[in-house]
Amino acid sequence: MIRSRFFWKLYAGFTAVVVVSVAVIGVLVTHQVTQDSMTEIEENLRGRAAVLSELARAALEGGDARDLQGRLQEIRAAVPERLTVLGADGAVLADTERDPLAMDGHADRAEIQAARDRGSGRAVRYSQTLDARLMYFALTVKRDGEPVGYVRTSMPLTRIDARLADLRRRVLLGGLAAVAVGLGLAFVFARRVTRPLTAMTRAAEALAGGDTDGRVEVASDDEIGTLGRAFQAMTAALRDRMDTITADRNKALAILGSMVEGVVAVDGEERIVQMNAHAAEILATGGEDCVGRRIWEATRRQEVCRVLEAALRSGRDRRAELRI
């Protein structure tokens, strides 16, 4: 069974299905968790930005930006996010991580441009300042419908990256376990399918060699079981026919052997099919050794050959008398 090419083809197909299924499920789970985590962080940053906009509104509407910087430094330890307040021109007015005077303008940042166009914007990029990948969320602060500045919140994605790395590791281990179990089940199933087919193949080869005693044990009720039972029925019927033919042949040989007359049978090509001993003596041939040879090759009695040829050509009985 292990050498069966059909078994390995079937097993390879099951293996491909198991591996592809596990890989697709792993990718989908990882993608969904990533999306859910990013959405969760965005909602958190959105809420922080809404609170920060109310905190910064007075300063953006003409208050003292230095006072705003002090207030952000006071709440720095209480919030994990980075908070930034920008003027309408994109200049940094206050920031919880760095001195705003040492920072460049942020008017060209993607989240600020999106907030200018749509009221809010999100972006994910690498921060040179913090040496990490961050998610930024910005809101436009307006007065009488006109933007007076922007507030921005940001959070490093190291936590989500660590979570995704742990998730990928878990998915990989679970996938390997699922693949191992799936391959074991596939091996058992493929062996169960191919074992009766292999047995039937061997029985058919033995049957072709003349062995009609082979049996195929098939316990299933599916199509393979039906095929196995049909093969057994065919083997039994063929064995009965062969027994009948052998018995008839033995009877015919016994009858021919007991006759005092010489009897020889030829086929349409004048090849000797059967000949008893008396016919071999009359025709001066080698008896059983002549079976399969043309009669005009086996005997010198050409008159007999001509009578047989005439009977074959005309399809009628022919009678002739020959003195030996």
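I began with the radius of gyration: the protein has 48 Å, whereas a compact globule of 324 residues would have one near 20 Å. I note that this is a predicted model. Next I took the extent of the C-alpha trace, which spans about 150 × 40 × 30 Å along the principal axes of the protein.

I then looked up the secondary structure and found eight helices and seven strands. For the surface, I noted that the protein exposes about 20400 Å², with carbon and sulfur atoms supplying 54% of it. Buried residues account for 31% of the 324 residues. I also checked the contacts between residues at least 6 apart in sequence; 47% of these join residues at least 24 apart.

I turned to helix 4, which covers residues 158-208 and has 51 residues. From its first C-alpha to its last, helix 4 reaches 71 Å, close to the 75 Å expected at 1.5 Å a residue. Where is the kink in helix 4? I located it at threonine 194, shortly before proline 196, with an angle of about 30°. Just after helix 4, I found glycine 210 with a positive phi of about 105°.

Last, I looked at threonine 96, in the loop between strand 2 (92-95) and helix 3 (110-118). Is threonine 96 buried or exposed? Its relative accessibility is 1%, and buried means under 20%, so I logged threonine 96 as buried. Leaving out residues up to four places away in sequence, I listed what threonine 96 touches: Leu72, Gln73, Arg76, Glu81, Arg82 and Leu83.

How values were computed. Residues are numbered from 1 along each chain as its sequence is written. This is a predicted model: local features need pLDDT of at least 70, side-chain atom pairs count only at pLDDT 80 or more; totals for chains, interfaces and linings use all residues. Side-chain values use heavy atoms; hydrogens and water are left out. Helices (H or I, at least four residues) and strands (E, at least two) are DSSP runs, numbered from the N terminus. The expected span of a helix is 1.5 Å times one less than its number of residues. The bend at a residue is the angle between axes fitted to the seven residues ending there and the seven starting there. The radius of gyration is taken over C-alpha atoms; the globule rule is 2.2 Å times the number of residues to the power 0.38. Buried means under 20% relative accessible area, exposed over 50%, partly exposed in between (1.4 Å probe, protein chains only). Contact means heavy atoms within 4.5 Å. Accessible areas come from the Shrake-Rupley method with a 1.4 Å probe; for residues, only the protein chains shown count as cover.
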